Every structure is written in C-alpha cells, then in structure tokens.
Amino acid sequence: MSSRQDKSDDEALAGARERIDTLDAQIQALIAERAGVALDVARIKTARQRTDFYRPEREADVLRRVAERNEGPLDDATITRLMREVMSACLALESPLKVAYLGPEGTYTQAAVYKHFGHSVRAMPLPAIDEIFREVEAGNADFGVVPVENSTEGVVSHTLDQLVGSSLQICGEVALAVHHHLLSKSVDLTGVKRVVAHAQSLAQCRKWLDRRLPGVVREAVSSNGEAARRVAGENQAAAIAGRAASEFYELPMLASNIEDEPNNTTRFLVLGKQKVPATGDDMTSILVAIRNQPGMLHRLLTPGAEAGVDLTRIESRPSRRQAWDYNFFIDLEGHIDEPRVRQVLDAIESQAAMLKVLGAYPRAVDTSST
Ligand SMILES: O=C(O)C(=O)C[C@]1(C(=O)O)C=C[C@@H](O)C=C1
C-alpha cells in the first residue's frame, strides 16, 4: 500500500473515531438525562407512598417499542438487550431490586435473572426452589426466578407443585436458549474420567456423551452451577454447564454446544407479589383442580376453543389429595382483564372443583442473553 493511501486511511479512521467520540458523549448525556427522569418517577411514586418501582408491563412496552423502531445494523435482540441494561440501571437508582433464584452462581437460572432484569439487580442464589418461594413470600426478596419447563425434558415438577400452595403471582416469563458446554481443567477429552451435571443436562447431552465419552462415569448433582463448583478444583472431572459457569469458576470450555437438541430452550417464571396490568401481548396461567371423569379434558378445552383463546400449555399433576385426582396447569394467551379471557376462565371454573389464577403477565420479550 502506498504511503498516500496509508495517510488517507489514517485520516478516515481518525474522522470515524471523532464521530464515535461525539456520539458517545451524546449517548452518555442522554442516558444521564434518562436516569434523572427515572429519579423524578421515583419521587412521584414515593410521594404517593407507592412501592411499585418495578413495573413489568411498562418495561415490556418500552422494550417492544425498541425492537419495533430498530432498523439495524444491530439485530432486535441486541439493541433490546442494551436498552434492557439502561432501564435496569435506572431502576437500580430508584430502588435496587433483590431477586432470589435457583443457585448457585453460574446456573442457567442466574442467566435468566440477568436476561429479564438486567445486571443492576442484587441476585441472591438459593439452593432449592421452595426456598425461593419462601424468601419472596417473606419479603426478603422482591422477586424470584425459577425454571418451569424445558423444551426437551418437559416440566420442572417442583415448581408446579410449589405454585399450588403459594400466594405469589407469576409476574413474568423468561425464555432462554440453553447451550451446554463441557467445562474442565483437563487438557483433552481422554483425561476426563467423570462428568458431573444436573440430571436434566446429562439427559439432554446423552447422545453426545455416549459418542464422545463412552463408559465415563456420569454423576447427577442438584444444579449445573454446583457441578461446575465441584469440578473447579479437579483435573480429571468435567461439568456440563453454561457460559456463565465457565466464567464464574474459571473453567475452560473443552467442548461447546454439546446438547443433542440444538433448539433447547428453558422457560423460567418470575414470581412476585404484584398483579401486572395488561400490555396487549400477555399470558395468563391458571391452576384447575378437577375430578378424573370421562370427557373431563374435553370440557376443560372447549371454552377456549369456542372463544378463540389459545391454550398454549396444559400440564397435569397428581393432586395428592386423593388417588386419580388431578391439578391442571394451563397457560392461555391473553390477560385476565380482557373480557374474552375472563369469559373462558368463568366457563372452565364452572366445570372445576377449584380454579386459581397463578398470574397474568407480559409475554417474554426477546433480548439476547450474555
Ligand atoms: O415508568 C416507571 O414506572 C419507571 O419506574 C421507569 C422505568 C424506566 O427506566 O423506564 C424504570 C423501572 C420500571 O420498571 C419501569 C420503567
């Protein structure tokens, strides 16, 4: 390249950097101004003795509009994630949120917390799902995040069972693409003599393990974060966990994306005490107790079909009240405050021994997780 060409490239680069510096200063000033307005919002709420600093319906609305406005070159999920973090920082100025989640650090549930609330929350890892319910019920945490279903492994029955007796509301949902990695201090696969993971993750990577690590001992533990913690001090063991665990426990990725099903997604619920107003794109979750009788399922499903309200999930669990007595967990599209949804719930209730609304909440907004 000629030196004249070098010089003009240098000038173009300096010019572009100058534009970036100017834009950065403007973005920074605007973020600071936005934070100032969030503080005004906090003052208004405080003056009226309101404690609803976090407003899931407003956040969903803001983030959906970010995606609608987006014309690239960043994709919708990326620009939304950046705005998610700005809003998270603004909310932390108003009142920092405490969010309990299924720990330890490095679990997918932790990743779901940050995806939903941004990184400016105080995330509190707890060892069991029932403890998360208890801490939120007791007011020691503002919200809780628990896994509820996985696209390959099905429901997390502990979570469904806890919802039966809890006074908490479902305030939101998070969908997280789950990528499993093999984390280990071993230099190669032949050095791995033991694989540690949550039983669901072992199942989700079974074909890969059969092929690449045949005969190697598989050990199930309470979470993938726990698996990573256990193998962090060993050279001959590997954990199956996500990127967050790799970073947190400084465990190299010996193999990445080892899940058998590439579209593996886990859905998490956000639990809290507040009822969330409608946004226009919502879900309602209900629990229905019903006696096992002929035609029972048909009677449960007909009201939704007749009113054009989609039932997106129906899950049955033994009620534990009596043999062959069932609880059904049903997700419907729409918000309980919409008359057509209310009508469907009334019709279902008339067929059931009991109907409990578990929550109505904005449908997950797609932001890419870190
Ligand atoms: O609109 C509000 O109520 C706010 O508190 C502001 C704001 C925001 O930064 O946009 C912050 C937190 C809420 O969860 C929702 C939105």
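Analyst: Happy to! This is a predicted model, and buried residues make up 37% of the 370 residues in its chain.

User: What else describes the chain as a whole?

Analyst: The chain has 12 helices and 15 strands. Its C-alpha atoms fill a box of roughly 85 × 60 × 40 Å along the principal axes. The chain is divided into domain 1 (3-91), domain 2 (97-178), domain 3 (181-255) and domain 4 (282-362). Between the C-alpha centres of domain 1 and domain 3 there are 38 Å.

User: Why is Leu39 called partly exposed?

Analyst: Let's set the value against the cut-offs. A residue is buried with 20 or more other C-beta atoms within 10 Å of its own, and exposed with 12 or fewer. Leu39 has 13 C-beta neighbours inside 10 Å, so Leu39 falls in between and counts as partly exposed.

User: Where is Leu39, and which residues is it in contact with, leaving aside neighbours within four places in sequence?

Analyst: Leu39 sits in helix H1. With those neighbours left aside, Leu39 is in contact with Leu93 and Glu94. To count as a contact, the C-beta atoms must lie within 7 Å. Leu39 and Ser95 are 56 residues apart in sequence, with 9.6 Å from C-alpha to C-alpha.

User: How do you know that the buried residues of H5 are on the same side of the helix?

Analyst: Helix H5 covers residues 129-137, and its buried residues are Ile129, Ile132, Phe133 and Val136. These residues cover an arc of only 100° around the axis, and therefore they lie on the same side of H5.

User: What covers the buried residues of H5?

Analyst: The cover includes strands S1 (98-102), S2 (122-126), S3 (143-150) and S11 (265-272), together with helix H6 (157-165). Just after H5, Gly139 takes a positive phi of about 85°.

User: Which residues surround the ligand?

Analyst: Among them are Ala38, Val41, Phe53, Tyr54, Arg55, Arg58, Glu59 and Glu94. Two or more residues of this shell come from each of helix H1 (3-47), helix H2 (56-69) and helix H3 (76-94). H3 gives the most, with 4 residues.

Notes: Residues are numbered from 1 along each chain as its sequence is written. This is a predicted model: local features need pLDDT of at least 70, side-chain atom pairs count only at pLDDT 80 or more; totals for chains, interfaces and linings use all residues. The arc is that of the directions from the helix axis to the C-beta atoms. Two residues are in contact if their C-beta atoms, placed from the backbone, lie within 7 Å. Domain bounds come from an automatic or database domain assignment. A residue is near a molecule or strand if its C-beta atom, placed from the backbone, lies within 6 Å of it.
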